[in-house]
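Visitor: Hi, could you walk me through this one?
Guide: Happy to. Here it is, and then we can go through it together.

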Amino acid sequence: MTTQDSKAITIEQQKLVNKLVCRFIAENFLSPPRDQDGNEISQNEYSEIIDISSSVLSKMKNEKGYKIPLSTINSICEKEKISLSEFFKRFEKRFPEAILK
């Protein structure tokens, strides 16, 4: 395998991870979004709570995914009262194919 082939595989793996992280967030926190009391709220209300634009949340819900920064994941985890490590444990359990061996 050439270095160029290896880079292409790495880029594809990164795209897959971003796509699956977005899917995980959409499934667990945005379908539908909820407030701290568990009541359903709008995407706009959720975006205000976590201080992330509603358009970013829409990108996450898109099948193509979104190149999601760790700071966005952290904002969601803070709102949902889970640690980053718990988030990624749940993510790995749901999408084991995203983890490089």
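**A chat about the fold**

Guide: Let me start with the contacts: among those between residues at least 6 apart in sequence, 55% join residues at least 24 apart. Keep in mind that this is a predicted model.

Visitor: Thanks. How many helices and strands does the protein have?
Guide: The secondary structure comes to 5 helices and 0 strands. Read from the N terminus, the order of elements is α-α-α-α-α.

Visitor: And what box do the C-alpha atoms fill?
Guide: Roughly 50 × 25 × 20 Å, taken along the principal axes.

Visitor: What share of the residues counts as buried?
Guide: Of the 101 residues, 35% count as buried. The protein exposes about 6,700 Å², and carbon and sulfur atoms supply 49% of that area.

Visitor: Let's zoom in. Which residues are buried in helix 3?
Guide: Helix 3 covers residues 54–61, and S54, V56, L57 and M60 are buried there. Looking down the axis of helix 3, you find its buried residues within an arc of 155 degrees, so they line one face of the helix.

Visitor: Nice. Now charges: how many salt bridges does the structure hold?
Guide: There are 6 salt bridges in the structure. As background, side chains of opposite charge can pair when their charged atoms come close.

Visitor: Which residue does E12 meet in a salt bridge?
Guide: E12 pairs with K15, at 3.8 Å from N to O. Both residues belong to helix 1 (residues 3–29), where they sit 3 residues apart, about one turn of the helix. E12 is partly exposed, with a relative accessible area of 47%.

Visitor: What about E86, which partner does that one have?
Guide: E86 meets R90 in a salt bridge, at 3.0 Å from N to O. These two lie in helix 5 (residues 84–94), 4 residues apart, which is again given as about one turn of the helix. E86 counts as partly exposed at 29% relative accessibility, and R90 counts as partly exposed at 37%. Elsewhere, salt bridges that share partners join K19, R23 and E63 into one network.

Visitor: And K79, is that residue buried or exposed?
Guide: K79 counts as buried, because its relative accessibility is 16% and the cut-off for buried is under 20%. Its salt-bridge partner is E80, at 3.4 Å from N to O. E80 counts as partly exposed, at 24% relative accessibility.

Visitor: How far apart are the mean positions of the positive and negative charges?
Guide: They are 6 Å apart, for 16 positive and 15 negative charges.

Visitor: Changing topic to the backbone: which peptide bond is cis?
Guide: The bond from S31 to P32 is cis, with omega near -10 degrees. P32 lies in the loop between helix 1 and helix 2 (43–50).

Visitor: What is the phi of D51?
Guide: D51 has a positive phi of about 60 degrees, although D51 is not a glycine. You will find D51 in the loop between helix 2 and helix 3.

Visitor: Is D51 buried or exposed there?
Guide: D51 is exposed, with a relative accessible area of 69%.

Visitor: And K81, what is its phi?
Guide: K81 has a positive phi of about 60 degrees, and K81 is not a glycine. Its place is in the loop between helix 4 (70–80) and helix 5. K81 is exposed, with a relative accessible area of 68%.

Conventions:
Residues numbered from 1 in each chain as written. Predicted model: local features only at pLDDT ≥ 70, side-chain atom pairs only at ≥ 80, totals over all residues. Heavy atoms only, no water. Buried < 20%, exposed > 50% of the residue type's maximum accessible area, 1.4 Å probe, protein only. Arc of directions from axis to C-beta. Salt bridge = Lys/Arg side-chain N within 4 Å of Asp/Glu carboxyl O. Contact = heavy atoms within 4.5 Å. Areas by Shrake-Rupley, 256 points an atom, 1.4 Å probe, with all protein chains shown as cover. Lys, Arg positive; Asp, Glu negative; His and termini not counted. Charge placed at Lys NZ, Arg CZ, Asp CG, Glu CD.
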